[in-house]
Amino acid sequence: MALSSWKELPIGTIITKPGSAREFKTGDWRSQRPIWDPEKCIHCLICFIYCPDSSIKVNSEGKMTGIDLDYCKGCGICEEECPKQAIHMEIEKR
Amino acid sequence: MPIRALTGNEAMAEAMRQINPDVVAAYPITPATEIVQLFASFVADGLVDTEFVPVESEHSAIAACTGAAAAGARVMTSTASQGLALMHEILYIAAGLRAPIVICEVNRSMSSPINIHCDHSDTMGSREAGWIQIFAEDAQDAYDLTIQAIRISEEVLLPVIVSTDAFIISHSMQRVDILEDNEVQKFIGPHKSPYSLFEKTITIGPLDLQDYFFEHKRQQIDAMWKSPQIIEKVAKEFATKFGRTYGFLEQYRMEGAEQVIIACGSTCGTARVAIDTLREKGIKVGLLNLRVMRPFPHAKLLELLKSFKLVSILDRSVTMSTMGGPVYVELRSALYDAPERPLLVDYIYGLGGRDIDVEQIMDVALKGEQIIKKNKVEKPVDYIGLRE
Amino acid sequence: MEKIFEVRWHGRGGQGAKTAAILFGDAAMSTGKYLQAFPEYGPERMGAPVQAFNRLSDSKITLHCGVKEPDVVVVLDPTLLESQPVTKGLKSDGTIIINTLLESKELRKKLNLATQKVFTINASGISRDTLGRELPNTPMLGALAKVTEIIGLEDLIAYTKKKLVKKFRGKGSGVIEGNLESIKRAYNSVRGG
């Protein structure tokens, strides 16, 4: 994406479009990747509560459906907190 | 138009009453206290619709003002000296956010040693914060320029400091021609914000790193470049409507002069009397009132001053660069591109409120005659009224 | 350049020298003059010697320096004659007005004034009579108006009343009437030359 010149930017550093932080994919800061095992998962959603990046994906029925790797920074809190060891961390290969 | 006897502080407070800003957040400090005090009484008496925020420090005052301006309100405050210094970091933030705010400031020396009297070290110390800076010569100027500052600030989208000289103007009563309330309201018009928190969801003050920060600063520089046009436009409109002329620079008896004295603030008034007396004696000297310090009117100064033999600068503050006062340093730089430059001499004077009288200013011109004769400046930075 | 008329007030903190300068300037403006009124600011303590100044002119006054050679000096407190240089810079054809029980002849000698006019007024006595305490500023204002002829008694009374009503709003009319009576009495009893 080409960045705007100073002549095109809104003044005063304001951001006119709400939710623009969504475009900033922080997932690429990750050095460890969480691997979710749906077989072991009991959908208690403790990982959802603890995830600092809101990267646990949950459907409308309240079931966990996976991990949003666009924003997961790989902190490993989910692995630590999961009561069923349904998440484990692996080294991110890039 | 009503005529009233007002001090500089009363004149500024009266302008604020007529402007009727949405928000005033302020903290008292000598010699600007009265401005805030009088305004607070206007609020208490129901004469204005302003939300008055009595905060716990100047830092909070300008922070509250910045927030309110960013939210789309018409905002004013007042301070001096250490108070302006305590505002320092937020001055940059207000300018960076392009928040239109007007500070009615009183120029007072910076401690230490502690002193409550006039010099320009507080205001000059804030000159790179991104604010337009206007020096008022007397209470009439203070009144008129405060009203103009609202327009300037909201059109350029930069905050503005209008200042008077401590006690010399702030506490000296003089005749002031006041406009009617509705004339002021008509002149300033309704407040228009470039953006408002209440209209659309926006983010104000985000982290701005290597990829964008530079561009946003470049926009601020651009606004400063464009501001002279607006300052002149507003002054012209004011002159047409109310008959009093302002603008960037005021030339006084510069026609036919060989040398020019340049100054800011109340000293210009005293200098006018000195110039009149000198002219009667046949000494060819004029005065240039540098009303706006930021943006610095370098192009105009170059054009105006290049053909004179000598320019003497009266600086009521000093840079610690050992190169003299701020007006001198910047004027010297502005004249660099002239094919033939005038000689320049800087006079530091009046620090901590030391009086400068007509004779001392006349002396500057008399010394100037000698310098012109010798065509050489022996002492580029000198002092007036200092015990050696 | 129009002639500028300059006044220096000497008083003690609390005696109202600054207020008198403001009232005088304000009243002079009502006659169409341009004015300045400003105090000399220092540490503000009750009883300490203070000064205040006026400049009056028929055209705009741009001078913003101190007053060095006043046309008139007004001394609100007789004890200042001993401790303050009250005659300093007084123009050779200038005037000094002093709150005192002494005669102008004695004071002329005491202050070593040859060419200047010396006027005296018992302003302390007047204010004790009219206000019940010593506030010599408004009587001295009356004396100054009489001596300088810058403003007539009726205009001065009317204008000062307007100002005092604003200043003392809610404090009852006794203090205002007392002050106006002070002005009147002083205007009619100042003497010398």
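User: In which sense do β6(B) and β12(B) pair?

Analyst: This is a predicted model, and the answer is read from its computed geometry. Within it, B:Q133 stands opposite B:R294 in β12(B). The pairing of β6(B) with β12(B) extends over 2 bridges, and its sense is antiparallel.

User: Which strands of chain B stand at the edges of the open sheet of 7 strands, and why is one side of each left without a neighbour?

Analyst: The sheet has mixed pairing, and its strands follow the order β3-β2-β4-β5-β7-β6-β12 in chain B. From one strand to the next the twist averages 20°. Each edge strand has a single partner strand, so one side of it is left without a neighbour in the sheet; the two in question are β3 (51-54) and β12 (292-294) of chain B.

User: Which helix of chain B packs on the sheet by touching β2, β3, β4 and β5?

Analyst: The strands touched are β2 (23-26), β3, β4 (75-80) and β5 (101-107) of chain B. The direction of the helix makes about 160° with that of β4(B), and the helix, spanning residues 58-70, is α3 of chain B.

User: How many residues of domain 1 of chain B are in contact with domain 2 of chain B, and how do they divide by class?

Analyst: Chain B is divided into domain 1 (3-242) and domain 2 (249-383), and the C-alpha centres of these domains lie 28 Å apart. Domain 2 brings 19 residues to the contact, and domain 1 brings 26. On the side of domain 1 of chain B that touches domain 2 of chain B, at least two residues each come from α6 (121-124), β6 (132-135) and α9 (213-242) of chain B. By class, that side of domain 1 has 13 nonpolar, 8 polar and 5 charged residues.

User: Between which chains are the most contacts found, among the 2 pairs that touch?

Analyst: Chain A and chain C can be set aside, as they do not touch and their nearest C-alpha atoms are 40 Å apart. Among the 2 pairs of chains that touch, the most contacts are between chains B and C.

User: Which element supplies the largest share of the side of chain B that touches chain C?

Analyst: The contact joins 18 residues of chain B to 18 residues of chain C, and both β8 (173-177) and α10 (267-280) of chain B supply at least two residues of the chain B side. That side divides into 7 nonpolar, 6 polar and 5 charged residues. The largest share of it, 5 residues, comes from α10(B).

User: What is the bridge partner of B:M173 in β2(C)?

Analyst: Strand β2 of chain C covers residues 34-39 and pairs with β8(B) in the antiparallel sense over 2 bridges. In β2(C), the partner of B:M173 is C:A37.

User: At roughly what angle do the axes of α4 and α7 of chain C cross?

Analyst: The crossing of α4(C) past α7(C) is right-handed. Among the residues that make the contact are C:I126 and C:L131 of α4(C) together with C:V175 and C:R185 of α7(C), and the residues of this contact divide into 5 nonpolar, 5 polar and 2 charged. The axes of α4 (residues 123-131) and α7 (residues 174-189) of chain C come within 9 Å, and they cross at roughly 145°.

Definitions and conventions:
Residues numbered from 1 in each chain as written. Chains lettered and ligands numbered in written order. Predicted model: local features only at pLDDT ≥ 70, side-chain atom pairs only at ≥ 80, totals over all residues. Domains from an automatic or database assignment. Contact = placed C-beta atoms within 7 Å. Helix = DSSP H or I, 4+ residues; strand = E, 2+ residues; numbered from the N terminus. Nonpolar A, V, L, I, M, F, W, Y, C, P; charged D, E, K, R; others polar. Pairing = 2+ DSSP bridges. Axes fitted to C-alpha atoms, helices over the stretch in contact; angles between N-to-C directions. Left-handed = near helix turned anticlockwise from the far one by under 90°.
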